[in-house]
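The entries follow in the order I took them.

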Amino acid sequence: MRSHKLERLWALVWKEWLQVFRDPSAGLVAFVLPMIMLFIFGYGLSLDAKRVKLGIALEDRGAVARAFWDAFAGTEYFDALFYGNRSEAEQALADGDVRAVLVVPTDFSRRFERGEVPSAQLLIDGAEANLSVIIEGYALGVYSKFVERERLERGLGSTALSSAVTVETQMRYNESRMTRNSLVPGSIVLILAMIGTLLTTMVVAREWERGTMEATLATSVGKFEMILGKLIPYFLLGLGAATLCAVIARHAFFVPFRGSAAAYYATSSVFLACATSQGLLISTLCRDQTLASSIALLSSFLPNFIFSGVLFEIDAMPSVLRALTYAFPARYYASCLQTVFMAGDAWSLLLKNMAAMGVIASCLFVATIAATRTSLE
């Protein structure tokens, strides 16, 4: 009896594979779409700020002020533009020609030579809140390094603040501090969520439209076998897409991969089980391919984009939305991928997230079985 069930399951899987080979759209979704999306996310999505246009109003022409100018002009983070006075620089800020203005007052060099710590005013365009915070951090870093270097060269010693407090900073897991190293693994989450859902979302809906579902229902195939036979081929296609994404991330974007292939495929498999089950549930409920694909896009890409924590910090969300993120597998998979790529095989964290995704996948699979119709009515 068991051998007959396996034969029927194999026949269904082979039938779906033949359908995949006949339908070029499945290959496009599984392999071409991930490449396009990964290159768009990898090259177009970045939180790094370099060559930011900074206007410097140099009201002091002394030697220390000119050295201060050189400190900003010599860094890769700013594209320093000279302005003779404050009003010209503020007008450039209002016109959008620069993102920030640094005003060096007339007594800057004189105060420094007296042994004081001089001050300068930084005006930032706050229209882009995240960029303004980055600019402030960069400017404060350049300023503090300049003051310390100049005081040591002149034999003035460190400032009172730096001599009282010593902070040793070690950047773990992302030593280069490139946001691409965390955004590219996060984009894999969104890509697999969308293609895993799209690959299966039109399966049953297409068969209802073409009339082939009637022939399937006329056989002795059970609901469990039919659903599993449709999931397996597209699940394997999703694993192929995951492999392609990992290769591109490692060799095209040079994202470090410190974990093992076993950890990557284990977490990806559980997540794809969620995505393909969700797509099959949608296709079971909808007999129209257009409606099914629209629901799949709305229910896979947008919620996972918001609730995965890739771009939006989950801890900063309101309590209601923060609680809602636990219902989306992308939250757990994003944590797994960032761990595998950046830190390594932290199995205590990976297994906990895989268990949560397994519960969600089981619920979706059971819901699909319950929603599958065994009659033509």
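Is Ser 362 buried, partly exposed or exposed? I looked it up: Ser 362 is partly exposed, with a relative accessible area of 43%. I note here that the model is a predicted one.

**Entry: Ser 362 and Ser 277**

I placed Ser 362 in helix α16. I then checked its distance to Ser 277. Ser 277 belongs to helix α12. I found Ser 277 buried, at a relative accessible area of 5%. Leaving out residues up to four places away in sequence, I listed what Ser 277 touches: Leu 231, Ala 361, Leu 364, Phe 365 and Thr 368.

**Entry: helix α16**

I went on to the helix that holds Ser 362. Helix α16 runs over residues 347–371 and has 25 residues. From first C-alpha to last I read 35 Å, close to the 36 Å expected at 1.5 Å a residue. Which residues of α16 are buried? I wrote down Leu 350, Asn 353, Met 354, Met 357, Ile 360, Ala 361, Leu 364, Phe 365 and Thr 368. A reminder on spacing: an α-helix has 3.6 residues a turn, so residues three or four places apart point the same way. I also looked for what covers the buried residues of α16. The cover includes α11 (223–251), α12 (261–285) and α15 (329–343).

**Entry: the chain overall**

I stepped back to the totals. The chain has 377 residues, and buried residues make up 45% of them. I counted 16 helices and 4 strands. Of the contacts with a separation of 6 or more, 78% are between residues 24 or more positions apart.

**Entry: aromatic rings**

How many aromatic pairs are there? My count comes to 16 aromatic pairs. One of them is formed by Trp 69 and Phe 82. That pair is edge-to-face, with 5.8 Å centre to centre and 85 degrees between the planes. Trp 69 lies in helix α3 (residues 63–73) and Phe 82 in strand β2 (residues 78–83), so the pair ties together parts that are 13 residues apart in sequence. I compared burial for the two partners. Trp 69 is buried at 19% relative accessible area, just under the 20% cut-off. Phe 82 is partly exposed at 43%.

I also traced a cluster. Ring pairs link Phe 68, Phe 72, Tyr 77, Phe 78, Phe 108, Tyr 138, Tyr 143 and Phe 146.

Elsewhere I noted a charge over a ring. The charged end of Arg 331 sits over the ring of Tyr 326, 4.0 Å from its centre.

**Entry: salt bridge**

How many salt bridges does the structure hold? I found 1 salt bridge. The side chains of Glu 90 and Arg 86 meet in it, at 2.8 Å, N to O. I placed both residues in helix α4 (residues 86–95). They are 4 residues apart, about one turn of the helix. Glu 90 is partly exposed, with a relative accessible area of 32%. Arg 86 is partly exposed as well, at 28% relative accessibility.

**Entry: cysteines**

I searched for disulfides and got 0. Cys 274 is buried, with a relative accessible area of 1%. I checked Cys 286 too, and it counts as buried at 9% relative accessibility.

**Entry: two loop residues**

I stopped at Phe 254 for its backbone. Phe 254 has a positive phi of about 55 degrees, although it is not a glycine. I found Phe 254 in the loop between α11 and α12. Is Phe 254 buried or exposed? Phe 254 is exposed, with a relative accessible area of 62%.

Arg 287 was next. Arg 287 lies in the loop between α12 and α13 (289–307). I noted Arg 287 as partly exposed, at 33% relative accessibility. Arg 287 and Arg 206 are 81 residues apart in sequence, and I read 7.3 Å between them in space, C-alpha to C-alpha.

Conventions:
Residues numbered from 1 in each chain as written. Predicted model: local features only at pLDDT ≥ 70, side-chain atom pairs only at ≥ 80, totals over all residues. Heavy atoms only, no water. Phe/Tyr/Trp six-rings, centres within 6.5 Å; stacked < 30°, edge-to-face > 60°. Buried < 20%, exposed > 50% of the residue type's maximum accessible area, 1.4 Å probe, protein only. Lys NZ or Arg CZ within 6 Å of the ring centre and 35° of its normal. Disulfide = S-S within 2.5 Å. Expected span 1.5 Å × (residues − 1). Contact = heavy atoms within 4.5 Å. Salt bridge = Lys/Arg side-chain N within 4 Å of Asp/Glu carboxyl O.
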